[in-house]
Amino acid sequence: MTDRTAAPADSSYPPAAEASILAAALPYIKRFHGKTIVVKYGGNAMTDERLKQFFARDVVLLSLVGMNVVVVHGGGPQIEQLLSRVGKKGEFIQGMRVTDAETMEVVEMVLGGQVNKDVVNLINQAGGHAVGLTGKDGGLIRAKKLLLADRQHPEELIDVGQVGDITQIAPSLIRHLQGGGFIPVIAPIGVGPAGETYNINADVVAGKIAEVLKAEKLVLLTNTPGVLDENGELITGITPRQIDEMVADGTLSGGMLPKIGSALDAARNGVKSVHIIDGRVEHALLLEILTDHGVGTMIRSH
Ligand SMILES: Nc1ncnc2c1ncn2[C@@H]1O[C@H](COP(=O)(O)OP(=O)(O)O)[C@@H](O)[C@H]1O
Ligand SMILES: CC(=O)N[C@@H](CCC(=O)OP(=O)(O)O)C(=O)O
């Protein structure tokens with residue numbers, strides 16, 4: 001019997017069309033059942049309350065049809081808001097936030113506290129069982145200080161403060177949570193050998209976690225339609241050679257640099273498919289995973 005107490009579906013399709021849309025998802029559900037899907041939820045994609053709820057419902061739906069969803073979130077704009085309240089302005093080099101001790105405190109508060117709990121709460125409100133973690137929990141993300149290569153002076157390294165370079169991901173905690181039916185929600189904070197705290201770009205964390213978990217898919221939700229060419233047109237599939245050219249001529253810059261770098265590393269290291277998609281599109285996650293109307297850019301390793 002129909003459960004009339006369940007939340008009404010927000011569909012305006014005739015019943016037969018609705019049923020056929022649902023049935024069309026079956027091959028994808030079969031293909032990805034029991035597989036790990038890592039979703040990176042960018043801070044720029046979490047600005048609209050309605051979209052946030054759609055995102056949470058999509059995560060719960062994928063999880064209830066048998067996929068092992070792992071969420072890694074960012075929070076760049078949210079960090080920026082709190083920094084401005086303490087009179088600071090963020091500075092980025094090659095897409096990495098320059099992180100002094102005071103900035104690190106703000107970053108940990110925002111990512112490990114505010115944003116992490118917000119995402120956990122959203123997923124739980126949508127009917128899931130989410131558990132929030134930072135890389136400190138269970139020694140999940142070990143890191144050392146990151147030094148960036150200087151493109152103009154290759155012999156010099158750039159110090160961006162307490163930014164972490166991942167040395168190890170210990171996935172046992174994630175596996176325990178998945179075994180218990182929980183959805184891990186991970187904030188990109190790492191821990192050093194002496195217990196020091198590191199700020200890590202969330203795309204880099206998502207890519208490494210996808211590699212270590214041998215994920216079927218890595219989906220990076222952001223605030224552009226995908227990777228755009230010099231004319232602002234969407235590139236649906238991109239290869240390493242095109243990426244190198246676009247970095248060299250400046251078509252790829254800022255936050256897209258760590259994103260594309262980790263997407264490529266993940267694709268080269270066994271993640272079957274990597275997608276950069278527009279988190280501002282309603283149900284972008286379902287479109288990418290359960291339909292053949294994939295949105296955004298797919299990154300190929302060759
Ligand atoms: N070629 C490009 N295609 C798309 N976005 C690009 C490109 N080059 C730079 N960007 C910038 O990268 C941003 C996405 O990275 P970022 O701001 O770090 O997002 P997120 O918070 O989702 O990780 C875009 O909003 C855009 O400003
Ligand atoms: C080192 C570094 O840049 N860390 C990022 C971590 C958050 C993040 O990556 O958030 P988005 O995914 O929303 O950009 C930062 O401090 O902004």
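**View 1. The shell around ligand 2, sorted by class, has seven nonpolar, nine polar and one charged residues.** Welcome to the first close-up of this predicted model. In total, 17 residues surround ligand 2. Look for Gly-43, Gly-74, Gly-76, Arg-97 and Ala-202, which are the closest of them. Two elements give two or more residues to this shell: helix α4, spanning 76-85, and strand β4, spanning 96-97.

**View 2. Ligand 1 sits among 19 surrounding residues.** Here the closest are Gly-42, Thr-222, Leu-228, Gly-255 and Met-256. Strand β12 (227-228) supplies at least two residues of the shell, and so does helix α9 (256-268). Sorted by class, the shell around ligand 1 holds twelve polar, five nonpolar and two charged residues.

**View 3. Helices α7 and α9 pack against each other with their axes 8 Å apart.** Helix α7 covers residues 202-212, and the angle at which α7 and α9 pack is about 5 degrees. Angles under 35 degrees count as roughly parallel, so that is how α7 and α9 run relative to each other.

**View 4. A closer look at the contact shows which residues of α7 and α9 make it.** From α7 come Asp-203, Val-204, Ala-206, Gly-207, Ala-210 and Glu-211. Their partners on α9 are Pro-258, Lys-259, Ser-262, Ala-263, Asp-265 and Ala-266. By class, this contact of α7 with α9 has six nonpolar, four charged and two polar residues.

Conventions:
Residues numbered from 1 in each chain as written. Chains lettered and ligands numbered in written order. Predicted model: local features only at pLDDT ≥ 70, side-chain atom pairs only at ≥ 80, totals over all residues. Near = placed C-beta within 6 Å. Helix = DSSP H or I, 4+ residues; strand = E, 2+ residues; numbered from the N terminus. Nonpolar A, V, L, I, M, F, W, Y, C, P; charged D, E, K, R; others polar. Axes fitted to C-alpha atoms, helices over the stretch in contact; angles between N-to-C directions. Parallel < 35°, antiparallel > 145°, perpendicular 65-115°, else oblique. Contact = placed C-beta atoms within 7 Å.
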